Amino acid sequence: MDTQELLGRLRAGTLSRRDFTRALGAVGLGLAALPVAGRAAKAAANLTVFGWAGYDVPELFPSFMEKYGEMPNYPLFGAEEEALQKLRAGFQADVIHPCSYNCKRWRDAGVLAPIDTSRLSNYADIWPKFQEIPETQVDGKTWFVPFDCGNASILYRTDLVDPADVADPSWALLFNEKYAGRLSMYNTDTTLIEIAARVLGMENYNSLSDEQLAKVKPMLAEQQKLMRFYWDDATQIENGLASGELVAAYAWNGSVKTLREQGVPVEYMVPKEGILTWVCGLVLSSDPIGDEQAAYDFIDAMISPEAGEFLIAEQGYGHSNRKAYERVDPEVLASLGFDNAEEKFAIATVSDEADEPYRSKYIALVEQVKAGL
């Protein structure tokens, strides 16, 4: 089924928005910046939200839908670097959904505007730890509003992986030649380097020296030969693990919920080198095209307890609003690792971003590896 047919079914009402975004991922179009409702469709308050696939569902911004009665225009991106380059090239949006570790880079690129949190009724209920993420609060201004959070680790088929290979849990599983052609990594740059560095016993992930990078590069080059693919949309690895095409993959915890509900025997590893924790959120564009109040209403809606309840219970990710957890069944929270949320979020270590010149070096190195250089 091609993109135009998918869009036609969406407009005809025979395909849900969620199924539409999943279908895009299944056919390898996770990177396409496509407006979900089509460019001809009317968008609420002429608002454009540039975000990830899967978040373009009205349950994640209920008060916005109640006030405006319709979806905003919602073009999608599959990777944050892709989104940044589109913005720098002139692509316009009002609200964007990057992760905290990219906040400084995006701010330095001039694509962000400061956020007046006094206009957000739900901001005070965001976990304090998330309000204090470095580089999101600078010069007395807020540049980033936390929305979703979770872990990144290895998701593997318990019936397909040799128990001996996971007896000592390690990120090294994604470098194991035994599973050549049946592994997958997220299509990113700094994370690829961080994981290789962890396996090599390095701890200064965000400031690796040239000598350290010289050891990381051949390791990533060997890993590339083992990859079935680098994924852009989580549905790609979910489909691969469900079918047995993949044995193990770098994954977010939302995929654990999805596959277990399908009855797929999977386990989410806690590697000895450490699990990764991420926080993504909402930012305002420095070059907006829609209504400013609608942008604030949209952000406030996404950080509401109601949105958080849906995100946690239905998509398996954590939410920035502490009150959201009070609305979710304790058994569901425990199954997702969000029991005792107050304690866990208080001690959480959020992934930092590599500063220059390291980030540029990392990006260049990964580009060389993927190009076979």
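User: Which residues of α10 are buried?

Analyst: This is a predicted model, in which local features need pLDDT of at least 70 and side-chain atom pairs count only at pLDDT 80 or more, while totals for chains, interfaces and linings use all residues. Residues are numbered from 1 along each chain as its sequence is written, and side-chain values use heavy atoms, with hydrogens and water left out. The buried residues of α10 are N253, G254, S255, V256, K257, T258 and L259, where buried means under 20% relative accessible area, exposed means over 50%, and partly exposed lies in between (1.4 Å probe, protein chains only). Helices here are DSSP runs of H or I with at least four residues, strands are runs of E with at least two, and both are numbered from the N terminus. Because seven of the nine residues of helix α10 (residues 253-261) are buried, the helix is largely enclosed by the rest of the structure. Just after α10, G263 takes a positive phi of about 80°.

User: What makes strand β12 count as largely enclosed?

Analyst: Ten of the ten residues of β12 (residues 276-285) are buried, and therefore the strand is described as largely enclosed by the rest of the structure.

User: How do you know that β7 and β12 pair, and in which sense?

Analyst: Two strands pair if DSSP finds at least two bridges between them, and β7 (residues 145-157) is joined to β12 over seven bridges in the antiparallel sense; within β12, L276 is the bridge partner of A152. Strand β3 (residues 95-96) also runs antiparallel to β12, with two bridges, and I96 has V283 as its partner there. Two bridges likewise join β4 to β12, again antiparallel, with A113 standing opposite L284.

User: Why is the contact between D355 and K104 called a salt bridge?

Analyst: The term requires a side-chain nitrogen of Lys or Arg within 4 Å of a carboxyl oxygen of Asp or Glu. The closest N and O atoms of D355 and K104 are 3.3 Å apart, and the pair is listed as a salt bridge. The two residues belong to distant parts of the chain, 251 residues apart, with D355 in the loop between α14 (341-347) and α15 and K104 in helix α5 (residues 103-108). Because its relative accessibility is 18%, K104 counts as buried, whereas D355, at 37%, counts as partly exposed. Leaving aside residues up to four places away in sequence, K104 touches E135, E353 and D355, contact being heavy atoms within 4.5 Å.

User: What makes the salt bridge of R119 and E292 a tie between separate parts of the chain?

Analyst: The side chains of R119 and E292 meet at 3.0 Å, N to O, in a salt bridge. R119 lies in the loop between β4 (112-113) and α6 (128-131) and E292 in helix α11 (residues 292-302), so the pair ties together parts that are 173 residues apart in sequence. R119 has a relative accessible area of 30% and is therefore partly exposed, while E292, at 52%, counts as exposed.

User: How many salt bridges are found in the whole structure?

Analyst: A search of the whole structure finds 21. Among them is the pair R157 and D159, at 2.8 Å from N to O, and E81, R105 and E356 are linked in a network of such bridges.

User: How are α8 and α15 packed, and which residues meet?

Analyst: Helix α8 (residues 210-226) and helix α15 (residues 358-370) pack at an angle of about 35°, with their axes 9 Å apart. Axes are lines fitted to C-alpha atoms, for helices over the stretch in contact, and angles run from 0 to 180 degrees between N-to-C directions. D210, L213, K217, L220, A221 and Q224 in α8 meet K361, Y362, L365, V366, Q368, V369 and K370 in α15.
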